[in-house]
Amino acid sequence: MPCTGARRNWDNRGMSDVATPERSQVVPRVGFVSLGCPKALTDSELILTQLSAEGYQTSKTFEGADLVIVNTCGFIDDAVRESLDTIGEALAENGRVIVTGCLGAKSGEDGGNLVRQMHPSVLAVTGPHATQEVMDAVHANLPKPHDPFVDLVPPMGIKLTPKHYAYLKISEGCNHRCTFCIIPSMRGDLVSRPVGDVLKEARALFEGGVKELLVISQDTSAYGVDVKYRMGFWDGKPVKTRMLELVRTLGEIAEPYGAWVRLHYVYPYPSVDEVIPLMAEGRVLPYLDVPLQHSHPDVLRRMKRPASGEKNLERILRWREQCPELVIRSTFIAGFPGETEAEFEHLLDFIREAGIDRAGCFAYSPVEGATANALPGMLPEAEREARRARFMQVAEAVSTERLKRRIGAQMQVLVDSAPALGRKGGVGRSYADAPEIDGVVRLLPPEKISKQLRVGEFTRVRIVGTEGHDLVAVPI
Ligand code: SF4
């Protein structure tokens, strides 16, 4: 249905739009103008509902409002004109204006945002269907009224991880159907979280003291595929729901906090190539958790792995050329049904040539409901276990050799546990170590006796040795 451009006389049944003098002193008040078609009207209803739920007072007029939201229409010229005029009117009468709706997503002649071009002083601009982004802009410019029921909960929510690191889930489910996995049958297809929500949560985590953000999902590289990389909004600016834009923006948000952003579950699609320069520039950690599972193309095909047709070895070597600091962690399956000795040897060669820094390996075991159970060539359990053990021997040798190269180097370490001054036993992690799954940096007593290590703080260390999967270092 085409937009009429007509100003909607929205109905705030059950809400007063006249503030009593006492109320207006304590309850922030938002003026709201809703233009456009019924789809825009429902967006307005969602925003007004959220404003009311959070305790804001809403009104149809600009008068006495602490700020004004204009939900715009951008369909035909008349509607664009009316929207721009209304924004101008709101700026003239109130001065503090947030713009949302179709016109907010429209570009001007110079390719920039049309609303910003015509009215540079607006507080924020979002596209349509952007309740969360609008609410973010409202919160940034007009603090939420105190709510005794939820204000005891920290803005970052309740976390089960130590205060200095946190996981950030960007999507749920998976569009792949790997034959050994039943996750899609339990969690469904990929559903990406709105990019504005993800970035908002990231900032709340950094504000709450998080120094390391671990991005997780079932398939981080596929972020946004389900919503066709829809344009979202963050801080009034458009951001695509796509891995590259997400990672770049996370790096920008983390920077003033001096925090780390670490990427997990990244499949080696060609699109990941664009993320490597961000690592080389130090915007996010040069660390990739890439669950490869195998190297031989025939095994990968039997596994129905994502990116199974990609030349993973060449891709990884190219990444290493672009970003020599890159650390790669991966997981593998040994003894997958039908795996020949030659295919397994291919995997061992791959580990050596790709220089996989951190590798985990499972002996294949049938999972109830997985289609791989029906594949021919199931290997005896003893053989699967033997291959796992052979894999780990090679992987550990590669890992140790790569760790030894760090001896003598200086690194930045995030302290996970700190001893009393002058006592042994501190533990930290460098950019190369994700919590729980990788090694650690064992910290000897600091060189300077006055240096006190504190949990959740960064410290510089000099690497003096290795111990299994770990590095040994002295804080300097
Ligand atoms: S193993 Fe395959 S199907 Fe399972 S979650 Fe990962 S990509 Fe999806």
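Let me begin with leucine 263, which, apart from neighbours within four places in sequence, is in contact (heavy atoms within 4.5 Å) with Val215, Met243, Val247, Val275, Met279, Tyr287, Leu288 and Asp289. Please note that this is a predicted model, in which local features need pLDDT of at least 70 and side-chain atom pairs count only at pLDDT 80 or more, while totals for chains, interfaces and linings use all residues. Residues are numbered from 1 along each chain as its sequence is written, and side-chain values use heavy atoms, with hydrogens and water left out.

Leu263 belongs to the largest nonpolar core, which has 58 residues; Leu263, Leu288, Ile351, Ile356 and Phe391 touch the most other members. A nonpolar core here is a set of buried Ala, Val, Leu, Ile, Met, Phe, Trp, Tyr and Cys residues joined through side-chain atoms within 4.5 Å. Helix H8, residues 243–254, supplies the largest share of this core, namely 7 residues. There is also a second, separate core of 19 residues, and Leu414, Tyr431, Ile463 and Ala473 are among them.

I turn next to two further residues. Threonine 249 is placed in helix H8. It is counted as buried because its relative accessible area is 9%; buried means under 20%, exposed over 50% and partly exposed in between, with a 1.4 Å probe and protein chains only. Beyond four places in sequence, threonine 249 is in contact with Leu199, Trp234 and Val239.

Glutamine 293 lies in the loop between strand S14 (287–289) and helix H10 (297–303). Helices (H or I, at least four residues) and strands (E, at least two) are DSSP runs numbered from the N terminus. Is glutamine 293 buried or exposed? It counts as buried, because its relative accessibility is 10%. Its contacts, again leaving aside neighbours within four places in sequence, are Phe180, Met303, Arg305, Thr331, Phe332 and Ile333.

Finally, the protein as a whole. It has 13 helices and 21 strands, and its C-alpha trace spans about 75 × 60 × 45 Å along its principal axes. Of its 476 residues, 50% are buried.
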